[in-house]
Amino acid sequence: KLKEPFEANSITMQSTGKSLKEALLCAQSEDRLTVGVYESAKIMTDDLDSVSFCVLAMDGEFQCDIALQIHFTLIQSFCFDNDISIVRVSDMQRLAEIVGDKVEPLEDAHCVLITNPADGSWEDPALQKLHLFCEESRSLNDWVPEISLPER
């Protein structure tokens with residue numbers, strides 16, 4: 001009896017990962033991505049209302065970098081306090097591949113923000129799915145759910 005929910009959850013996780021990739025690529029094509037811990041903190045401080053979604057990415061460096069852990073804690077708190085949906089991914093390299101420039105690899109893809117368009121006249125179905133996923137996760141007390149990004 002325990003297998004059924006797990007399998008359904010696994011399918012949900014795959015589609016959620018695809019939705020995250022789609023939302024990131026859409027935001028990137030519309031120049032609505034902010035990449036980097038410091039750049040993201042600046043946007044959150046300067047223009048909070050423009051932030052729609054936050055992705056935190058962990059890697060091996062995260063375990064050893066106390067400053068990065070502190071930044072993550074502050075960013076998470078900021079998102080909770082301001083009702084910004086937030087997820088975690090465990091593969092920073094894959095996130096960097098999706099949001100990065102093909103020519104020059106990203107130095108810091110630990111935090112990626114998706115901002116709203118300036119005119120406010122758009123809806124992204126992938127982003128809507130992600131907001132719903134985050135809302136459902138919060139109702140289960142999973143405040144920063146982890147999503148697996150799809151392979152290439």
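How many bridges join strand β2 to strand β4, and do the two run parallel or antiparallel? In this predicted model, five bridges join β2 to β4 (residues 111-115), and the two strands run antiparallel.

**Strand β2 and its partners**
- Strand β2 spans residues 51-57, and seven of its seven residues are buried, so the strand is mostly covered.
- On the β4 side, V55 stands opposite V112.
- β2 is also joined by five bridges to strand β3 (residues 85-89), and this pair runs parallel.
- V87 is the bridge partner of V55 in β3, whereas V112 faces V55 from β4.
- β3 is largely enclosed by the rest of the structure, because four of its five residues are buried.

**Helix α2**
- Helix α2 comprises residues 37-46, and its residues V37, S40 and M44 are buried.
- These residues lie on the same side of α2, because they cover an arc of only 65 degrees around the axis.

**Nonpolar cores**
- The largest nonpolar core has 25 residues, and those with the most contacts inside it are L20, L24, F53, V55, V89, L95 and I114.
- At least two residues of this core come from each of α1 (3-29), β2, β3, α5 (92-99), β4 and α6 (125-139).
- A second, separate core has 16 residues, among them L68, F72, I75 and C79.

**Contacts of V89**
- V89 is one of the residues with the most contacts inside the largest core.
- With its neighbours within four places in sequence left aside, V89 is in contact with L20, V55, L56, A57, M58, L95, E146, I147 and L149.
- V55, which is in contact with V89, has V87 as its bridge partner in β3.

Technical notes:
Residues are numbered from 1 along each chain as its sequence is written. This is a predicted model: local features need pLDDT of at least 70, side-chain atom pairs count only at pLDDT 80 or more; totals for chains, interfaces and linings use all residues. Side-chain values use heavy atoms; hydrogens and water are left out. Buried means under 20% relative accessible area, exposed over 50%, partly exposed in between (1.4 Å probe, protein chains only). Two strands pair if DSSP finds at least two bridges between them. The arc is that of the directions from the helix axis to the C-beta atoms. A nonpolar core is a set of buried Ala, Val, Leu, Ile, Met, Phe, Trp, Tyr and Cys residues joined through side-chain atoms within 4.5 Å. Contact means heavy atoms within 4.5 Å.
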